[in-house]
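Visitor: I am new to this structure and would like a guided look at it. Could you take my questions as they come?

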Amino acid sequence: MARAYHNLTSHYNVYWNGKQNLMAGADYLRNKAKDNYAKILRVYNYGDKKLARQMSSRMELTIKKAAMTIQSHSMVFGRKEQVHWVMESYLMMGQAFFFKHDYTGARRVFDFVQKKYNYNPIHYYGMLWLSKTYIEMKQPGKAEAMLNLLSSQQTGKNFPKEVKNALPLIYADLYLARNNPSAAYPFLEKSIDVIKNKDLLSRVYFIMGQINRQEGNLQQASLYFSQVLKRNPPFQMDFEARLYLAKCYDAANGNSKYIVKTLGKMARKNLYEVYRDQIYYALAEVAEKNKNDTLMVHYLRLSVSNSKENNFQKSTASLKLAKDYFQHGNYIPAQAYYDTAVQFLPKDYPHYAQIKNKSLVLSQLVQNLQVIHTEDSLQRLARMDTTQLFALIDKKIADYKTALAEKKSAAETALENQASGTFSGVGSSIPSRSATGTGGWYFYNKAAMAQGFNEFQSRWGRRKLEDLWFLSDKHTTMANAGIAEENTPGTENGNRKTQNRKRIPTGPETRGYYLKGLPRTEKDFRLSDSLIMVNYNKLGFLYLEELNDTTDALKTYLDFQKKYPESQYSLQNWYHLYKIYSGIGKTSEAMHYKGLILENYPGSLYAKVLNDPDYYKKLEINHNEAEKLYSRTYEAFVHGQYYRVITYADRALEKYPNDSVAGPQFMYLRTLSLGKVEVPDTLYYALQQLITKYPHHPLTERAKAIVRMLQIDYGIGISEKERQALLNKQKKKKEVGPYVYNSHVPQYILLITNRRMVNSRALRTRLSDFNQKYFRQNPLQINSLSLNNNYALLVVEQFINQSDAMIYYKRLAKDPYVFSGIQKKNYHLFVISMENYPLFYKEKDMKIYQQFFDEYYKK
């Protein structure tokens, strides 16, 4: 009996140790989990996966102890568990899974508890925790259904009071997780009277304050935040409640002096040092409500510069500051703060893509401004007379030397103080490092380092850590140094004896440093002018089209016209000026630029648009008609109806002469059809017409390749000597087995399939769809053949050369539609030259050709 009692006590201790371990883990989560106070809090915060991993071993131990208790003490009579510890152990096991974020494991255990022990009140706890698990698994529908079922049973005789009191809180947490704070609010109100935990009640008050503030009930929100402060909450919540009280300030009904004074005191206290970014942001919001934009910007800048670890706060303040600068047309600082915001904003932040795009546009705009400013400055300096220029440079050198001497003196003083042991005293140059690592010395002060880093990037951009990091063109600098040595007095024939050679200074203390980069020749000035013009043109476009800033766009285009009245961009600039002046109702100025376009560029696209406002609409209608005709033309080509192709193409080229999209396609099909029905000379001259008319169209490269083939095969358009030279240069043959490698001759695609396993007719249909979808411009034909009794053959022809065929091959090989339902072992896909194809068809040896293909095509 004593032994049995001892075993029972021992196993109860195992259970109780597991329970204590679980409670310690839950406390650890509550204390370590970080809340994002910028958003409405959840009722419960179970931390993130990283935090769960930190306490995973503790929860595994709890699960192990629960399992030991279950295995040792389970006693089932009449299909009912008789040992209460066993049921409690199952619940404890599920909670351990829950706290370690293994929600699948938790769901299984809680589901087991609520079904297996439905005769015992513990099954209500199973249902409660199962609903909490569904919330964390982002299955709100199941969570709500479980909570509703649980609520319907709360009038039962054995319904636990603890579960009843927890129901409103879990309902509230469900709706907060679904981002529906209005639905959560009545449940939070219900929970106030039943919450026993002091910190949990403070949290509920805080959440209710947040919801009221979001809904504009600032007075009610202030009452709840005041309630939080009265309850002596944890430090973090105390601080956030004070901030929210400031945010609830209403300029129409209150005086901000007390709030500003309170926040100012908080900002000065070391206790709130890590929260200064949030304090300054709250002060910025107060200033904004008081319509003091200057003060708002001041506090926002302080918020950004004081953000050390809170990236969300840094990005929020940066974004607000960027928007303010942008709205006032201050694009350079706006770009800097948009760039900062984008670096720290999470990818799921609302309108993240638009924010990032605006940052990129502004970065380009700032770059354009910098190029214009730099080139203008260099030209202005280069045009100064030598006396003025050298006087300016000498002043720069003197300023540099003075600053250098001051820095040296300060460093020496700091070293002396450190050596004498006075560095930690008041007013010392290098204070001791504080416990938080934020002492007065620059490299101990994270805020100063962060601000310095931002200032460095705004001035220099991102630079690699290396010698002479501040020079963008080190080769030029070193070349100038070499020139300086060669021209130094005392050298003989530009060379100095090695033992007498001295290093010539080329740094900021020399004139050469500042003269570097100045334009000197006419060619230099022309290059500088071209850079200015390109960037003026881009700048105007960004203002007008990307930022919709007609004021700055107008100024840019007018400055551009004034500085460069006859540039290659004059036509575009005149059109943009016409649009801007028309938009702001200045008709006479708009007509002036319209007249310039019609007089100087009467045949331009801009002139056509000015003469006919519906020009683009008509162009689109014509293009759609041309597309329909092209489809018929392509079908005719695929079916070998070459005379019909020529007829359709001639009709299209006459009817749609200005269609730069469909025109080359019609011309190319017409040319290839002429090659099928006429002599090679006709094909050659038709190709030359295509090349001349559309020199930059993608089809032109294909036309040029055919021209080279005609020159090599027939000698058309070139002498025999030139033909032989082309043959020797381009026809590189490598003999491998029975096959000859030649990448420049026409190529075919071979698709060989197992007759018994693959439906060749269906495959040909899908292959035709593939051609129509991706290679519609290429006049490709598909032929079906029988390779032997076991294999069928589909031949796609023809491609101009190997690279042309391999583009098709790589796209086809990865296409899931064409090969849907076909196993890889049941087909072979090759590229083969026109020369090797007859040999392959005769030999029918796929193994040998596979080796050749792998060697010369795939590599």
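Visitor: Is I752 buried or exposed?
Guide: This is a predicted model, in which local features need pLDDT of at least 70, side-chain atom pairs count only at pLDDT 80 or more, and totals for chains, interfaces and linings use all residues. Residues are numbered from 1 along each chain as its sequence is written, and side-chain values use heavy atoms, with hydrogens and water left out. Buried means under 20% relative accessible area, exposed over 50%, and partly exposed in between (1.4 Å probe, protein chains only). I752 has 0% relative accessibility, so the residue counts as buried.

Visitor: Which strand holds I752?
Guide: Helices (H or I, at least four residues) and strands (E, at least two) are DSSP runs, numbered from the N terminus. I752 is found in the run of residues 747-754, which is strand 5.

Visitor: What separation do the C-alpha atoms of I752 and Y827 have?
Guide: Contact means heavy atoms within 4.5 Å, and the contacts of I752 beyond its neighbours within four places in sequence include L787, F840 and Y827. I752 and Y827 are 75 residues apart along the chain, and the separation of their C-alpha atoms is 5.5 Å.

Visitor: With which side chain does the side chain of Q335 make a polar contact?
Guide: Q335 sits in helix 17, residues 331-344, and is buried because its relative accessible area is 15%. Leaving aside neighbours within four places in sequence, Q335 is in contact with S359, L362, S363 and V366. A polar contact is a pair of N or O atoms within 3.5 Å; within protein, one must be able to donate a hydrogen and the other to accept it, and residues adjacent in sequence count only if both atoms are side-chain atoms. At 3.1 Å, the partner of the Q335 side chain is that of S363.

Visitor: Are helix 6 and helix 8 roughly parallel or antiparallel?
Guide: Axes are lines fitted to C-alpha atoms, for helices over the stretch in contact, and angles run from 0 to 180 degrees between N-to-C directions. Angles under 35 degrees count as roughly parallel, over 145 as roughly antiparallel, 65 to 115 as roughly perpendicular and the rest as oblique. The axes of helix 6 (residues 122-136) and helix 8 (residues 161-177) come within 10 Å and cross at roughly 10°. That makes the two helices roughly parallel.

Visitor: How many charged residues does the contact of helix 13 with helix 14 have?
Guide: Ala, Val, Leu, Ile, Met, Phe, Trp, Tyr, Cys and Pro count as nonpolar, Asp, Glu, Lys and Arg as charged, and the others, Gly among them, as polar. I259, V260, L263, M266, A267 and R268 in helix 13 meet R276, I279, Y280, A282, L283 and V286 in helix 14. By class, that contact has ten nonpolar residues, no polar ones, and a charged count of two.

Visitor: Which hand does the crossing of helix 11 and helix 12 have?
Guide: The axes of helix 11 (residues 218-230) and helix 12 (residues 235-247) are 9 Å apart, at an angle of about 155°. A crossing is left-handed if the near helix is turned anticlockwise from the far one by less than a right angle, and right-handed if clockwise. The crossing of helix 11 and helix 12 is left-handed.

Visitor: What percentage of the chain's residues count as buried?
Guide: The chain contains 37 helices and eight strands. Of its 859 residues, the buried share is 42%.
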